[in-house]
Amino acid sequence: MASLSATIVLFIVLSISIGPAPPLGPFLNPNTGFWANAVTGDSKSQTISLDSGELRDSVRVYFDEYQIPHIFAQNDHDLYFAQGYVTARDRLWQMEFQTYAAAGRLSEFLGPRTVPYDRYQRRIGMGFAAEQALKGINKNENTREAVEAYAAGVNAWIKQLGPEDYPLEYKIMNFEPGKWTPLRSALLFKNMTYTLAGRNSDLRMSNTRAYLGDSFISEVMDLDPSWNDPTIPSGTPWNFEPLEAQKPNSNFQPSTAQDLQPFQPDPMNGSNNWAVSGSKTKSGYPILANDPHLNMTLPSIWYTLQLHSPSVNAMGVSLPGAPSVIIGFNEDIAWGTTNVGADVWDWYEIEFRDSTLAEYRYDGEWRDTEKRIEEIKVKGSETITDTVFYTHHGPVVQDFSGESMRSGIPKLHAMRWIAYEESNEVNYFLKINRAENYEDYRNALRDFKSPAQNWVFADQKDIALTVTGQYPLKWENQGRFISDGSDPLYDWQGWVPFEQIPSVKNPGRGFVSSANQDPTAPDYPYYLDDDFAPFERGKRINDRLAAMDEITGEDMRKLQLDNYSYHAAKVLPMMLETLDTDTLTGTGKESVRLLAEWNYHNDSSEIAPSIFKYWWDALYREIWSDEYNSVEAGMSWPERDQVAYLVLNRPELSWYDNRHTDEKETLEMLINRAFYRAMNNLKEEYGTMGDNWQWGNVSDTDIGHLAQLPGFGKEDLFTGGGAESVNAIRGSHGPSWRMVVELGPEIKAYGLYPGGQSGNPGSPFYDNMIDDWNAGELYPLWFIKNETVESDSVTYSLTIE
Amino acid sequence: MIPVLLIALLAWILGLFLPWWSLAIPCFVLGAWLGKSGGRSFLYGFTGIALLWLLQSLFIHVGNDGILTARIAELFSLPDPILVILITALIGGVAGGLSTLTGFFFSKTLLQKQVVG
């Protein structure tokens, strides 16, 4: 009987997961394990019969050679149902994972190690924000029906899955698909707000002011180099009477500068879009282009599809988990987006009455806080209950309990964030998918509140761009530093009226564009933020567009791939002049030669971009490390263009001197020292100079798996471009979707993203577009106007009844 | 040889509609019925299931151009994707072998009891 026990023990051991490993029996067996996720043949056309009552009519879905679904439904309910069904078919695990992550529920299947992450998500109020979004969505019949139909479609797909059909990641992480709900679609939208408007530097700016002084703020951090070419052309008149925000008499001095880890800000999620008017194009009709830069992952954040019903015919990219097309075109118009980056996340210092946090001081009185209980379920462990205190500003993210969650979060401060506002972005998307002209576009924009976006528009005759969003009414610099939570003058005092947000239609220059730069010239009467993306991409796009004529879609594709570095063109000549070349030998001499010959394009096969980047980074550190590393607190570092401006225009600044040495350092000395450091660093990391120094190697582009599973991403792409190039690839950040749309009687569109339509790592369509994306290709998008059953472009179809 | 092929065939058929552990059923039965010694019984089950899982996974591996085996190998830090196939066969084999062995001992115990009784 020992044998029987041994056998039973073995089968049990193979059936449970040990540590992070999946249970081996179910995982390895060829019928239902991971092997079942390996795609071994072409998909075949089929008819799927659902339970009666799920669909009102039958839906046909045609898949083209890129596995893009073209959904044809007889009504909008069926359309969004089918969108949910088809998206889940390709991306279910991603939808699940992203919304679990957003809601702070990862520990439900990943166990105790993700509790700190989940706790943070709860404490910044993601659940609260999603509830606000759902409130907004449910108030409108159309949007409520769309998210409910979408959820029903996802659930219909889940219902017919057996364990062998679960996406691979479920098998690896050993959990099962959960029910999809409209709240999860709402979470996805608020998560986009977190991705794109989830940043603030209040504490770091306050620390910077406390440690380096007001003179540093005014000399360095306030600097707004005049190179900037704003989104809305300078000189655009503001024909309105602005609302006034009431300003406090004196600057609030936060009580504590906190002990925090030094912090290097993440690269911002920047993007490009533009539209040129018919007067500048070969066809005589406008062309619109867009490439949103986001963290590039597998599966990709985007899913391409076409949605057709009697009320709509739109195509473009969607977000798995949400109904409608997010960026795309229909038979009449095209639309695209870039992020605005306005300051919509502020911290308030709160004076609590006692350690119960039950009351706080506001406007001379004690006010009650509200409690929100967050229950974090943990796999293999007890449920954690976390109480979050809410003031009228928002939640107290970090209280006494628990460890410090993230740098940049002050203790006992309340967080005010745009995501806490009730909103219904879904309605914007439903409307823009159906828009026929400029008026429809403007009308749709009223529903779009956050994250603030530069929505660009084109139809056959008009082009336009609106710096869209719900902006708090603020006095100049309000919320740049930590605010006084007890003084009503520090509250958001209302909103900038929709008619007064920056917008431009058919400007004289014949194009509109945005690249996350300052939205307006300084004469715009409202304060949106002090800190937008550096000028380089925006300026380059505007220079090129201004110089171009007889533009074609192909020209626009090339402009999206433009690797020119305005930054290098500005500062490198001065750096080379300052460098003492007499003493250089070998690699140093060769480097100077390469830099002098360089055309400032960050091309993948060039070595000069690598040398320049290392030289600039070393110089940046030489200038600022002594100031910033002398204190423990996290502070805000100056922007690239601010430092470039100082280096070129203020050679005598006292900040160049290293405060830790007796010697008096000058800018000239730092530039020379930085060059030697750059040489050493490059040699250390890449060996002696050669092909290994090529920019494509040094720029180090990886497209990782969404949950960072090894082997499930695509590593070490050889890419050009860079943070300051229009082709903004840097690390794992970059153009997550490239699209060019030629407007006209017969609309033509091109696009692709660095990924594949399938979310299944065992499918050839998981990462098939990456190489073509890296080569700068765009796929012609097959946009079907009238449903045709017979076509060479259809690889297979689904009929859902 | 015949027990091996029978085990593979029956386990394959059962696996089409039952969970993975259903492989124990034909192994147990055949181990009890045809097993001659402990060692040989184990070998029947081991070879039968290992062969089945090897063929199935090889078939999938080839049909899939090795896309997934390469990813799984990297996921588990295995130096060669072929190891994914071999480990699959090995684990299946051990499960199969222990099952036939159990079947063999089970019948032997039962038989002895009957003889004694």
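**Entry 1**

I started with an open sheet of three strands in chain A, ordered 6-22-23 with mixed pairing. For my notes, strands (E, at least two residues) and helices (H or I, at least four) are DSSP runs, numbered from the N terminus, and two strands pair if DSSP finds at least two bridges between them. Strand 6 (297-298) and strand 23 (714-717) of chain A are at the edges with a single partner strand each, so one side of each has no neighbour in the sheet. I then looked up how strand 22 (residues 701-705) of chain A meets strand 23 of chain A: they run antiparallel and are joined by two bridges. A:Thr701 has A:Leu717 in strand 23 of chain A as its bridge partner.

A reminder to myself on what I am looking at: this is a predicted model, where local features need pLDDT of at least 70, side-chain atom pairs count only at pLDDT 80 or more, and totals for chains, interfaces and linings use all residues. Residues are numbered from 1 along each chain as its sequence is written, while chains are lettered from A and ligands numbered from 1 in the order in which they are written.

**Entry 2: strand 17**

Next I checked strand 17 (residues 453-458) of chain A, where six of the six residues are buried, so the strand is largely enclosed by the rest of the structure. Buried means that 20 or more other C-beta atoms lie within 10 Å of the residue's own; 12 or fewer means exposed, and in between is partly exposed, with C-beta atoms placed from the backbone. In a regular strand the side chains alternate between the two faces of the sheet. Here A:Gln453, A:Trp455 and A:Phe457 point one way, A:Asn454, A:Val456 and A:Ala458 the other way, and all are buried.

I found antiparallel pairing with strand 10 (residues 334-339) of chain A through six bridges, and A:Thr337 stands opposite A:Trp455. Strand 18 (residues 463-468) of chain A also runs antiparallel to strand 17 of chain A, again with six bridges. A:Phe457 has A:Ala464 as its bridge partner in strand 18 of chain A. Strands 17 and 18 of chain A form a hairpin with four residues between them.

**Entry 3: cores**

A:Phe457 turned up again in the largest nonpolar core: of its 164 residues, A:Ile71, A:Ala82, A:Ala275, A:Ile287, A:Phe457 and A:Val741 touch the most other members. Such a core is a set of buried Ala, Val, Leu, Ile, Met, Phe, Trp, Tyr and Cys residues joined through C-beta atoms within 7 Å. Helix 3 (residues 76-103) of chain A gives the most to this core, 15 residues. A second, separate core has 40 residues, including B:Leu23, B:Ala24, B:Cys27 and B:Leu68.

**Entry 4: where the chains meet**

I looked up the interface too: 29 residues of chain B are in contact with 29 residues of chain A. Contact means C-beta atoms, placed from the backbone, within 7 Å. On the side of chain B that touches chain A, helix 3 (38-63), helix 4 (67-75) and helix 5 (82-116) of chain B each supply at least two residues. Helix 5 of chain B gives the largest share, eleven residues.

**Entry 5: chain A overall**

Last, I noted 21 helices and 28 strands in chain A. Buried residues are 53% of its 801 residues. The C-alpha trace of chain A spans about 80 × 70 × 70 Å along its principal axes.

How values were computed. Two residues are in contact if their C-beta atoms, placed from the backbone, lie within 7 Å.
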